[in-house]
Amino acid sequence: MSAALALTDSARLIASWRAGVLSLPEDRIPCPVMIWREPGPSGREGIWRTVRKAMLLFVDEWGTAAADLGWSTEALFGVHRLAGAARSDCTGALVTIYPRRCIALCEREIHLDRLNGSPVVDRRPAFISPDCVPIWLFGK
């Protein structure tokens, strides 16, 4: 294998995150209890597409830092394998929080922007349940 084709562990992890998010359907929420809605021209519209885009943006802008800081797939994109997003002990930071742009990331916390000025802070769990799977593996 040439050196140009060799990927670091971080690069492989980031590539797997991107592929996983891209595998999620754009037109429907992929697991139960993800009920994000916003007003639209004909009533309440789903905003899953916005959530999915926010996940991809995070991977592009913060993926390397997240991998280097030890954030796991489940800590970011996890859901309970049977209950989906209903189990907060298995739900990753990018799944539980309304889609916001990441503004800071450290070893134990992710900071997401908020309209009123104060950031939303989610803390990386100390323990990931064995029932936690990446959202793209929910129901599989």
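Contact here means heavy atoms within 4.5 Å. On that basis isoleucine 14 touches Val59, Gly63, Thr64 and Ala67, leaving out residues up to four places away in sequence. The model is predicted. Its largest nonpolar core has 32 residues, and the structure holds 6 salt bridges.

**Nonpolar core**

- Within the largest nonpolar core, the residues that touch the most other members are Trp17, Met55, Phe58, Leu76, Phe77, Ile110 and Ile135.
- Two or more residues of this core come from each of helix 1 (9-23), helix 2 (48-68), helix 3, helix 4 (93-96), strand 4 (102-105) and strand 5 (109-112).
- Helix 2 gives the most to this core, with 8 residues.
- Phenylalanine 77 is in contact with Trp17, Val21, Met55, Val59, Gly92, Leu94, Val95, Val133, Pro134, Ile135 and Trp136, its neighbours within four places in sequence being left aside.

- Isoleucine 14 belongs to helix 1 and has a relative accessible area of 15%, so the residue counts as buried, the limit being under 20%.
- The C-alpha atom of isoleucine 14 is separated by 10.0 Å from that of alanine 65, and the two residues are 51 residues apart along the chain.
- Threonine 73 is in helix 3 (residues 73-77).
- Threonine 73 is also buried, because its relative accessible area is 13% and the limit is under 20%.
- Beyond residues up to four places away in sequence, threonine 73 touches Leu13, Trp17, Gly78, Pro134 and Trp136.

**Salt bridges**

- Side chains of opposite charge can pair when their charged atoms come close.
- Aspartate 60 and arginine 18 meet through their side chains in a salt bridge, with an N to O distance of 2.5 Å.
- This pair links distant parts of the chain, with aspartate 60 in helix 2 and arginine 18 in helix 1, 42 residues apart.
- Arginine 18 is partly exposed, at 29% relative accessibility.
- A salt bridge also joins aspartate 131 to arginine 81, where the closest N and O atoms are 3.1 Å apart.
- That pair, too, links distant parts of the chain, 50 residues apart: aspartate 131 is in the loop between strand 6 (120-123) and strand 7 (132-134), and arginine 81 is in the loop between strand 3 (78-80) and helix 4.
- Aspartate 131 is partly exposed at 26% relative accessibility, and arginine 81 is partly exposed at 45%.
- Aspartate 89 and arginine 87 form a salt bridge whose closest N and O atoms are 2.8 Å apart.
- Aspartate 89 has a relative accessible area of 40% and is partly exposed; arginine 87, at 32%, is partly exposed as well.

Note on methods
Residues are numbered from 1 along each chain as its sequence is written. This is a predicted model: local features need pLDDT of at least 70, side-chain atom pairs count only at pLDDT 80 or more; totals for chains, interfaces and linings use all residues. Side-chain values use heavy atoms; hydrogens and water are left out. Helices (H or I, at least four residues) and strands (E, at least two) are DSSP runs, numbered from the N terminus. Buried means under 20% relative accessible area, exposed over 50%, partly exposed in between (1.4 Å probe, protein chains only). A nonpolar core is a set of buried Ala, Val, Leu, Ile, Met, Phe, Trp, Tyr and Cys residues joined through side-chain atoms within 4.5 Å. A salt bridge is a side-chain nitrogen of Lys or Arg within 4 Å of a carboxyl oxygen of Asp or Glu.
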